[in-house]
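Let's take a friendly walk through this structure together. Have the sequence and the model open as you read.

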Amino acid sequence: MTIRRKLDITLLALIAVFLAAGVLSLWTVGKNAEETRRYAWMREQSQFTADVRTHIYQRLARPVEPLGLTAHQPDSPQPVLDDLTVQINLAVSERERELWQAVHACVDELASAQASEAADASAVQAIVQRAEKHLRELRDYYDLDQYQSIARTARASLMAQVAISVAALLTVVLLIVQMVVVRKWLVAPIEVLKNSAETIGKGRLDHRVPLAGNDELAQLARSIDTMARNLAQHQTALLAARELSALGELCANVAHGLKNPLAALKTTAQLAERQAANSSELAGLIHEMTQQVDRLNQRIVRLFEFSRPLELRPSSTSFRDLAAAAQAQAAPSLRSRGLTLQIDDRTRDRTWRLDVDQLGQALAEL
């Protein structure tokens, strides 16, 4: 796995922690808002039970109304009955609906009993007690729901606090992990690369970077190792070239020092050969001396060539041309030994691109 991928994973983990904490915080805010609205609604409902109770006792405190009163008059129980009908329709649970229906029935019975001349005070009192009992149960129901709403709000707030605390702790942990992995994946390998580069820079081209793996820094380490090997090879080649250059310079100096004496020897031998024309044996010896001087001169010429870079001049050449060039260069040595060279060409006039002089010289040496 590459270093970039590792750092991306740790960064994504850090972002995921922040997002999770943010989402949970938003959920907590929404939950608190919902419970706050529910709490306010239950308080209104609890207050409404008190209003209904007050209305009932106000009805008891008023004198009995004549039967001719209509429902839309201000002191009619119809507005309260309408509100109770709304409460029945808005009830959330079945128990709440049953209690409001019972209160509605009590208020309706109370109105009917007060409208009746034959109404018994004990019956009216029983209706009031029954209504008051239902209203008390409703108030207890709403108070309990308010308490539960407060408890749910507290739990949601506690969850939010725990989530934020855990997110903060995870953030610190992930930051520490990030620092550790950055130290392990970046800082330490870079220090190793720095030390290895300094070691290689001091000339220790056999040093290898001690990093393994497939990440970017490991690949860089392998590239540095390859560079060190190539530098070692080039350094070896450079030393060999330097040695050859020194040897070539030495050969040039030696050749230059021998060429003039050989030229004087050849001139003297040629003069002596002409003067010894009457003695064939002496003339042959002097002629052999002249040939040996020529051979030494050719060696000197080759020493000069060794001191200069070799330049090949390839051309399209047949085997017969190559053999003729070799025969021409080897002719003095062959004549001195009484040998002849015969050319047996079986190449059917094939040609090659080569330097006739250089290869002919190599064949003549052989």
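Is Ser149 buried or exposed? In this predicted model, Ser149 has a relative accessible area of 1%. That value is under the 20% cut-off, so Ser149 counts as buried.

You will find Ser149 in helix H4, which covers residues 121–201. Setting aside neighbours within four places in sequence, the contacts of Ser149 are Glu35, Arg38 and Tyr39.

## Aromatic rings

A pair of aromatic rings is described by two things, the distance of the centres and the angle of the planes. Here the count of aromatic pairs comes to three. One of them joins Trp100 and Tyr142, with 6.5 Å centre to centre and 40° between the planes, a tilted arrangement. This pair links distant parts of the chain, as Trp100 belongs to helix H3 (residues 94–115) and Tyr142 to helix H4, 42 residues apart. Trp100 is buried, at a relative accessible area of 0%, and Tyr142 is buried as well, with a value of 0%.

Another pair is made by Tyr141 and Tyr142. Their centres are 5.5 Å apart and their planes make an angle of 70°, which is edge-to-face. If you'd like to select the whole group in your viewer, Phe48, Trp100, Tyr141 and Tyr142 form one aromatic cluster.

## How H4 meets H5

Next, have a look at the packing of H4 with helix H5 (residues 216–275). The two helices pack at an angle of about 5°, and their axes are 10 Å apart. Why is H4 called roughly parallel to H5? Angles under 35 degrees count as roughly parallel, so the H4 and H5 pair falls in that class.

On the H4 side, the contact is made by Trp185, Leu186, Pro189, Ile190, Leu193 and Ile200. H5 brings Leu217, Leu220, Ala221, Ile224 and Ala228. Sorted by class, the contact of H4 with H5 has eleven nonpolar residues, with no polar and no charged ones.

## Glu109 on H3

Our last stop is Glu109, which sits in helix H3. With a relative accessible area of 36%, Glu109 lies between the 20% and 50% cut-offs, so Glu109 is partly exposed.

Which residues does Glu109 touch, not counting those up to four places away in sequence? They are Ile127 and Arg130. Glu109 and Ile127 are 18 residues apart along the chain, and their C-alpha atoms are separated by 7.2 Å.

Notes. Residues numbered from 1 in each chain as written. Predicted model: local features only at pLDDT ≥ 70, side-chain atom pairs only at ≥ 80, totals over all residues. Heavy atoms only, no water. Helix = DSSP H or I, 4+ residues; strand = E, 2+ residues; numbered from the N terminus. Buried < 20%, exposed > 50% of the residue type's maximum accessible area, 1.4 Å probe, protein only. Contact = heavy atoms within 4.5 Å. Phe/Tyr/Trp six-rings, centres within 6.5 Å; stacked < 30°, edge-to-face > 60°. Axes fitted to C-alpha atoms, helices over the stretch in contact; angles between N-to-C directions. Parallel < 35°, antiparallel > 145°, perpendicular 65-115°, else oblique. Nonpolar A, V, L, I, M, F, W, Y, C, P; charged D, E, K, R; others polar.
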